[in-house]
Amino acid sequence: MEAPPLLELKGVSKRFGAVQALTQVDFAVRAGEVMALVGDNGAGKSTLIKGIAGIYPFDEGETFFDGQRVTIHNPREATALGIEIVYQDLALADNLDVVANMFLGRETMQGIQLDEARMELAAIETLTSLSVSTLRSVRTPVAGLSGGQRQAIAIAKAVLWNSRLVILDEPTAALGVAQTRQVLNLVRNLAAKGLGVVIISHNLHDVFECADRITALRLGQKVREFITKETNQQEVVHAITAGALQYVPGMKES
Amino acid sequence: MTTNEAPLQSENALLESREQQTLGAYIQTYLQRVRAGALGPLPIIIGIVAVAIFFQSRNAAYLSPNNIVNLIMQMSGIALIAFGVVFVLLLGEIDLSVAYVSGVAGVIATILMRPPHNLEWYLTVPIALLAALGIGTLQGFLITTFQLPSFIVTLAGLLAWNGAILLLVGAGGTVGIPASPFREIANVYLPPELGLGFVVVLVVAYAATQFIQLQSRRAQGLNAKPITIIGIQIAILVVLAVGVVLIVNQDRGLPLIGAIVIVTLIVLTFITRNTRFGRYVFAVGGNKEAARRAGIRVERVRLYVFMLCSFMAGVGGIILASRLKSVSANQGGGQLLLNCISAAVIGGTSLFGGRGAVYSAVLGALLIAMVENGMVFLRLETGWQFIITGIVLVLAVIVDSLSQRSQKRSGLA
């Protein structure tokens, strides 16, 4: 029998007042696999990942992590499970160096002192394991880094904590060609390390380059799940823009 | 930006950085940073040297042992208050109440010693410091709980604590400090051997920690500062520290309050650089949202900083009261506030938050004391002293702003 998916959502829904943001969505990510989450603006991508992160819990549905049923009430519980989210605005402090940023809020201590040497070693180790190769020194302030390097730091920060599921929100949105390539390689490296990866992107080219599977959302519903190798961009675009909806928006399910 | 996108050199650039850094490479990196605008204490040191040369050329007694002792006395109160201001500035906030909070501390410590209270100094001084801490807690609470601008809350504090001093002392009055160690704190000098021993111990301890750190970093295969640089830094420190003490020992000796400033400098520097709290202060000042998402209790850090700032103002206030052996209705008034905030800024702590160092309080206070003192030497009117201090302040802010901009351009800020 196949191992259960790392994360599995069954029939989750979320409502904000009169707005039904998610309706009966099933979603699964396996360890060692990159799952892309695609959909137009307002399709419910952000609501879905915020629900996984515990920023606001789902109204209905079940969440399974490692085959165990869990309820994630707040971000701290998500972190405890090993779920890390890299947001679009990377949340790095420009005046601090790479090491300080990667360990921010979870510094390694030696008594009352910061254990700089240990943190520096761990940072170098993590960055090396992800083949982040363009960084000259982990002691440069983050402000001095390019967009791709900053994205790499933010991702490496998520990996540092033995996380098992990394969710990336539009990681390539503001990047040039070469930097996008680096970040996509990094995403593949994460999966190769055995982590589950969810990547949200509007750029189907990127999605086809790095994802194993694609989940298309439309108007808060899951339209279809694709296996990247067995589909093409046209099919996915069609699903995003005109996919068949199971539930009529605005109506109670019958 | 593009310059930093180093080519995909060799297998991994980070591994290269783990090799021992050569002296040449270290100096090159340093010069690069300076050119990019990360000036550190460079401008203020140049300023201090320039001011010293200017006044010394006008009056040979300016750098006499006697006057150097005076300078240390004059800068100490300002430096102690400015230490707290540095922390507040690191957050990107301001505290306008520090001068009158220092006044409140001085007045409370004095009044409680006099009839009808007649308390001992070892009670009144801690009570005064607790009062300062309480004021900081109150202001910090208002700022963090109601999300009020620190500018407004501490401006209100400036008014209110000024009022409290007037009520406590009585308008126009002056109250003498009864004979006690409190009255003498600012008038005690370390005996020559003790003063010398004090700095020697500090320099040796500094050298020891530097070498221990070097060893441990090398042992772990991390990039370490070249030993030559450490040697040069220690040599400069020895010459400066021992030199100053030998000079002041020809006069009255090292003032106790000078030693207090140095010890506080070391403790606070350790806090900013080596502790979690210090790291969080920089993080909140650099990117509040990032700090929040990293799980840092941002509002608590801010509260603690305002508490620390008022507490340091209280310490400075005790010293300032002791220097005059009395407190007046104008305690904490005059240009004290301006001097304390200017000291932090002139010393190189950015008004924009996230960048700065504790030592800037000492260097800035020294420069301000040097100008103030030099003006007296040249028998210039006080008006000129204000104008010149104002010009120095503007220069410092221009340097800060320019270095910030050029650091942004070269991607360092």
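Start where chain A meets chain B: nine residue pairs are in polar contact there, counting pairs with both residues at pLDDT 80 or more. A polar contact is a pair of N or O atoms within 3.5 Å; within protein, one must be able to donate a hydrogen and the other to accept it, and residues adjacent in sequence count only if both atoms are side-chain atoms.

Now color β8 (113-114), α4 (116-129), α5 and α6 (177-192) of chain A, the elements that each give two or more residues to the side touching chain B. Helices (H or I, at least four residues) and strands (E, at least two) are DSSP runs, numbered from the N terminus. The top contributor on that side is α4(A), with nine residues.

A word on the ground rules: this is a predicted model, where local features need pLDDT of at least 70, side-chain atom pairs count only at pLDDT 80 or more, and totals for chains, interfaces and linings use all residues. Residues are numbered from 1 along each chain as its sequence is written, chains are lettered from A and ligands numbered from 1 in the order in which they are written, and side-chain values use heavy atoms, leaving out hydrogens and water.

Show the whole contact next: 42 residues come from chain A and 38 residues from chain B (contact means heavy atoms within 4.5 Å).

Which salt bridges can you pick out here? The rule finds three across the interface of chain A and chain B, a salt bridge being a side-chain nitrogen of Lys or Arg within 4 Å of a carboxyl oxygen of Asp or Glu. Select Arg217(B) and Glu120(A), whose side chains meet in one of them at 2.8 Å, N to O. Then try Glu107(A) and Arg276(B), with their closest N and O atoms 3.5 Å apart. Glu107(A) sits in the loop between α3 (98-102) and β7 (109-110) of chain A, and Arg276(B) in helix α12 (residues 276-286) of chain B, so this pair joins two chains.

Last stop: the open sheet of six strands in chain A, ordered β6-β9-β10-β3-β11-β12 with mixed pairing (two strands pair if DSSP finds at least two bridges between them). At its edges are β6 (83-86) and β12 (221-227) of chain A, each with a single partner strand, so one side of each has no neighbour in the sheet. Zoom in on β6(A) and β9 (residues 165-169) of chain A, a parallel pair with four bridges. There, Glu84(A) has Val166(A) in β9(A) as its bridge partner.
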